Every structure is written in structure tokens, then in C-alpha cells.
Amino acid sequence: MVPIYVSETASAEKRGQLVLVEGLFALSGLDLASWVNFGMFHATGPVTWKFPIALQLALLAVILSLTLFLPQPPRWLVKKERLEEATAIMARLMGRSADDSNVLREIAGIHGAIQRDAGHRYTYSTNPFSMNKNRHLHRLLLAMTIRMVTQMTCIDVIAFYSASIFEESLGYSGSVARIFSSCLQVTLALGGLVAIFTVDRFGRRKLMLFSTACMVLAQGAVGGLSSDLTNISSDRAVIFFYISAQLTLPSVCPSSRSCTVQRSHLWVFDTR
């Protein structure tokens, strides 16, 4: 739900960066969980399961308390004909007064689009499978394909089960395997940080093509090194290519390729 909320409340100029900031926090959470796992590996007793659960509950309490202060998206308020509230929230989001011309123009544009869609349900249908002037089906298939191809690289398998892979398949000790796993998560977070400062400078398409090229090279190297499963040295070299290929941008493109009314439908099909 967070990418949907960000997409509906952020300006077009900042949307890419803010969606990636959300992704950076998610990756940082995985990084934190990996280091907690490393610490609990060296602990004994009930603390090994009580502390991780308590930490999650503490972070969840922070999120729930802050959620109470989040405003409703202006588009939803306009759709419900609550124009005054939508104008006030839009003014807060834009950092302007409620009677500012830019705020009123933005609200008028949203209201006009909603009225147009309501009056031409077939031409501008919000159905994500419709083939109309908004090209919803084309956008949906494009975003889904990007997400599915990303998952076909097994990136989530490596991220979630890397400690077990390093320990059971590559022969590292439990401590070293967890250190490698945590470093992998750090690399993922650093890749997300770099993307925040480059997504609007170079554009989504160029970064996606660059990231795809990096993944192709990494997967080719992994395939070659994995041809001999009895060679532990080559298997260990695979770690380098996985760590060096964490510069993908899967989270920002679906929201960029979809129009406003379709984003909530599109994120439902997120393959994660």
C-alpha cells in the first residue's frame, strides 16, 4: 500500500525518488533483520526468539502511530466530492496556501479527469484489463513483465535464503555465512540509495537498461561458474557477481508506467 499512497500524493517531479525512498527503507529493514539474525546466532536461550519478535513489535508500533497522521489522498477526496478537504491537503502537500493558483489548478485537473472518466466509462474505463485510450492493458502487461523478469533472476531467493545457501551449499561456517548474508543486504540498500539520486537525472528507462545489462552479465557469469557443482571455489566466486549486480530498479517503474487511476490495481499484481 505504501507505493500506492506515495504515487497518489507525490508530485510527478518527486514521485520516482519518493517511491525509491520507500524501497530503501524496505531494504534497510532486511539489512537490520540480517544483522539481528547474525547477533542471535551467537546468543543462547529464549532471547534468540524473544528479541527479534519484540523488535518487530516496537517498529510496528511506530508505524501504526505515525499512520494516524497521514492525510487522505486528494484524488480520493475529490472522487468523494470532498473538494474543500482535498484542496487543504493538496496545499499542505505542495507547501502553498489553499487559494494558490497552482493548488486550485491541480484540484481542478483531478476533478476534471474524474468527471471525464465518469462520463465516458468505456473510452476511459478504469478496468486494468481494458484496451482503451489510456492503454491500461498495455501498461499492466509491461509493468507485470518487468516484475516477473526481476523475480525470475531469483533475487528474492538470494536475499531471503542467502545465509542457508552460503552455509549449506558453499560450506561456510554459520557465522561467516551470516556475515556474507548481511553484507549482501547492505549492498542492496546501497544500490537503492544510489538509485534515489540517479532515477530523475538519467531517467527510468536508461537505468532499467543499464541494470538489465548488469544482471545479464552477472547471470552469465553465475551460469558459467556453476557448471561444475563439485568445484567449491567457483561456487564461492558466484558471491561476488550476486553482490555486484544489486542495481536493479523494479519498484519505481510500475508506478511510472501506470496512470493515476490504475496504480492501485497494478500494485495488486506485484509478484513479490
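Predicted model: local features only at pLDDT ≥ 70, side-chain atom pairs only at ≥ 80, totals over all residues.

Trainee: How are α2 and α3 oriented to each other?

Mentor: The axes of α2 and helix α3 (residues 47-67) come within 10 Å and cross at roughly 155°. The cut-off for this class is over 145 degrees. The two helices, α2 and α3, are therefore roughly antiparallel.

Trainee: Which residues of α2 and α3 make the contact, and what is the handedness of the crossing?

Mentor: On the α2 side, the contact is made by L32, V36 and M40. On the α3 side, V47, T48, F51, P52, L55 and L59 take part. As for handedness, the crossing of α2 and α3 is right-handed.

Trainee: How are α1 and α2 oriented to each other?

Mentor: Helix α1 (residues 2-9) and helix α2 (residues 15-41) have axes that come within 9 Å and cross at roughly 160°. In α1, the residues V2, P3, V6 and S7 meet R15, L18, V19 and E22 in α2. The crossing of α1 and α2 is right-handed. With the cut-off at over 145 degrees, α1 and α2 are therefore roughly antiparallel.

Trainee: What is the orientation of α9 to α10?

Mentor: The axes of α9 and helix α10 (residues 204-225) are 6 Å apart, and the helices pack at an angle of about 120°. This angle makes α9 oblique to α10. T198, V199, D200 and F202 of α9 form the contact with R204, K206 and L207 of α10. The class asked for is thus oblique.

Trainee: Is T198 buried or exposed?

Mentor: T198 is found in helix α9 (residues 174-202). A residue counts as buried when its relative accessible area is under 20%. The relative accessible area of T198 is 17%, so T198 is buried.

Trainee: Which backbone oxygen does the side chain of T198 reach, and with which residues is T198 in contact beyond its neighbours within four places in sequence?

Mentor: The side chain of T198 comes to 3.0 Å from the backbone oxygen of V194. When the neighbours within four places in sequence are left aside, the contacts of T198 are G203 and L207.

Trainee: Does A88 count as buried, exposed or partly exposed, and what explains the class?

Mentor: A88 lies in helix α5 (residues 83-94). Because its relative accessibility is 37%, A88 counts as partly exposed.

Trainee: What distance separates the C-alpha atoms of A88 and V103?

Mentor: Along the chain, A88 and V103 are 15 residues apart.

Trainee: Where does UniProt place the feature "transmembrane region", and how far apart are the end C-alpha atoms of residues 18-41?

Mentor: The unreviewed UniProt entry gives this feature at residues 18-41, 53-70, 140-163 and 175-199. Residues 53-70 are 83% helix and 0% strand, with end C-alpha atoms 26 Å apart. Residues 18-41 are 100% helix and 0% strand, and the distance between their end C-alpha atoms is 35 Å.

Trainee: How many helices and strands does the chain have?

Mentor: Of the 272 residues of the chain, 37% count as buried. Among contacts with a separation of 6 or more, 58% join residues 24 or more positions apart. The count of elements is 13 helices and zero strands.

How values were computed: Residues numbered from 1 in each chain as written. Heavy atoms only, no water. Helix = DSSP H or I, 4+ residues; strand = E, 2+ residues; numbered from the N terminus. Buried < 20%, exposed > 50% of the residue type's maximum accessible area, 1.4 Å probe, protein only. Polar contact = N/O pair within 3.5 Å; in protein donor to acceptor, adjacent residues only side chain to side chain. Contact = heavy atoms within 4.5 Å. UniProt positions renumbered as here; feature names shortened; annotations may be inferred. Axes fitted to C-alpha atoms, helices over the stretch in contact; angles between N-to-C directions. Parallel < 35°, antiparallel > 145°, perpendicular 65-115°, else oblique. Left-handed = near helix turned anticlockwise from the far one by under 90°.
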